[in-house]
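Hi everyone, thanks for coming. Have a look at the structure on the screen, and then I'll walk you through some of its contacts.

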Amino acid sequence: MVKFYVLTSGHFTALLRHNSPKYNNIPKEDTIIVINSLDQDYIKKAEKYCKDVGIEYYITESNGTPAKGKNSVLDLFLASDNDYCVMIDGDDFLTQHGVEYYKSVENKKVVPDALCLKDGLIIKTIDGKDKLFTIKKETHYVSVEELYRRYSLIEGIEHEQALELANSMSKLVDTQKYLELNQTFNRVTWLSKKAAQFRFDEDVVISEDTLHFLTLKDQAIKNKLKVYTLYENPATYIYDNRNESTVFKYSKNETDLSWVHVFKNKLDIMEKESKLHLNVYLKEYRFI
């Protein structure tokens, strides 16, 4: 049995979308809402909603980081009788196609341990209008000099800060060589109980999901897990960038990239342990 686990920490209107016919219309009986927040008023509001509409829910301990919340989802899933979990960030949402697709996966000939999105879609507000974009890596190399020019000349940031930002961003771009071809991020949506054994790193505030993906990828390459990429055409999952994200909050609107160094140190450890792979890519899930 597959269940849809919605992790929520804020943005009540976003929470309402998951079971709304106007959005993805996930059946209430297939939904589990995990409330993981430091905002006591929000916790009460979300809990009341779940009780009023009859959705299974849990309130879990929060330290304000995404990794803590995501690990609480894994714990609940592992303790349940459910066979598979679809993880949804409460600020994002599935498409109606996505709901039907994920419900069908457990009945396919090859059932994966994990599915990771390829060419995912993100929704942003540009000039007052909501627009969809594909999350893809720029194919040309961006140098420190180009980044510095962007920060100092275009964005008007002072010399020392612009140089520091450029160096940090260059390190971040360099880490993308371990991801899938031309991808900046591969969100993990589908998990089996076997894949759910691998946890999110709670020492990392930003990019904990990238580390998690790379861990699953390593397990797949070593033939310990069945992990595939899922090409998002048609899309199953929409990243919603219209609300303030953790990245923008902790990076002070991308003017503080000190978190990159913590992330890079974690990658260095994985590299020493031979858990990172260059020019090796996951198979695409085509059992449609």
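Let me begin with a definition: a disulfide here is a pair of cysteine sulfur atoms within 2.5 Å. By that cut-off, the structure holds zero disulfides. Take Cys-85, which is in no disulfide: the nearest cysteine sulfur belongs to Cys-116 and is 13 Å away. Cys-116 is likewise in no disulfide, with the sulfur of Cys-85 as its nearest, 13 Å away. Are these two buried or exposed? Cys-85 is buried, at 0% relative accessible area, and Cys-116 also counts as buried at 0%. For those cut-offs, buried means under 20% relative accessible area, exposed means over 50%, and partly exposed is in between, with a 1.4 Å probe and protein chains only.

Now some housekeeping. This is a predicted model, so local features need pLDDT of at least 70 and side-chain atom pairs count only at pLDDT 80 or more, while totals for chains, interfaces and linings use all residues. Residues are numbered from 1 along each chain as its sequence is written, and side-chain values use heavy atoms, with hydrogens and water left out.

On to strand β4. Helices (H or I, at least four residues) and strands (E, at least two) are DSSP runs, numbered from the N terminus. Strand β4 covers residues 84–89, and five of its six residues are buried. Which strands does β4 pair with? Two strands pair if DSSP finds at least two bridges between them. Strand β1, residues 2–8, runs parallel to β4 and is joined to it by six bridges. Strand β9, residues 188–192, is antiparallel to β4, with three bridges. Val-86 has a bridge partner in each case: Phe-4, and Trp-190 in β9.

Rings of Phe, Tyr and Trp (its six-membered ring) pair if their centres lie within 6.5 Å; planes under 30 degrees apart count as stacked, over 60 as edge-to-face, and the rest as tilted. How many aromatic pairs are there in the whole structure? The search finds nine. One of them is Phe-12 with Tyr-49: their planes are at 90 degrees and their centres 6.0 Å apart, so this pair is edge-to-face. Phe-12 is in helix α1 (residues 12–17) and Tyr-49 in helix α2 (residues 40–53), so the contact ties together parts 37 residues apart in sequence. Phe-12 is buried at 18%, and Tyr-49 is buried at 13%. Then there is Tyr-84 with Trp-190, a stacked pair at 4.8 Å centre to centre and 25 degrees between the planes. That pair links strand β4 to strand β9, across 106 residues. Tyr-84 is buried at 18%, and Trp-190 is buried at 0%. There is also an aromatic cluster made of Phe-185, Tyr-237 and Tyr-239.

Next, the charged side chains. We call it a salt bridge when a side-chain nitrogen of Lys or Arg is within 4 Å of a carboxyl oxygen of Asp or Glu. The count comes to 19 salt bridges by this rule. Asp-130 and Arg-242 form one of them, at 2.7 Å from N to O. The two sit 112 residues apart, Asp-130 in strand β8 (residues 129–134) and Arg-242 in the loop between β11 (237–240) and α8 (246–250). Asp-130 is partly exposed at 45%, and Arg-242 is partly exposed at 31%. Both belong to a salt-bridge network that also includes Arg-17 and Asp-240.

Another salt bridge joins Lys-266 and Asp-201, at 3.1 Å from N to O. Here Lys-266 lies in helix α9 (residues 259–272) and Asp-201 in the loop between β9 and α7 (208–221), 65 residues apart. Asp-201 is partly exposed, at 22%.

Last, charges over rings. The criterion is NZ of Lys or CZ of Arg within 6 Å of the ring centre and within 35 degrees of the ring normal. Lys-124 lies over the face of Phe-133, at 5.8 Å.
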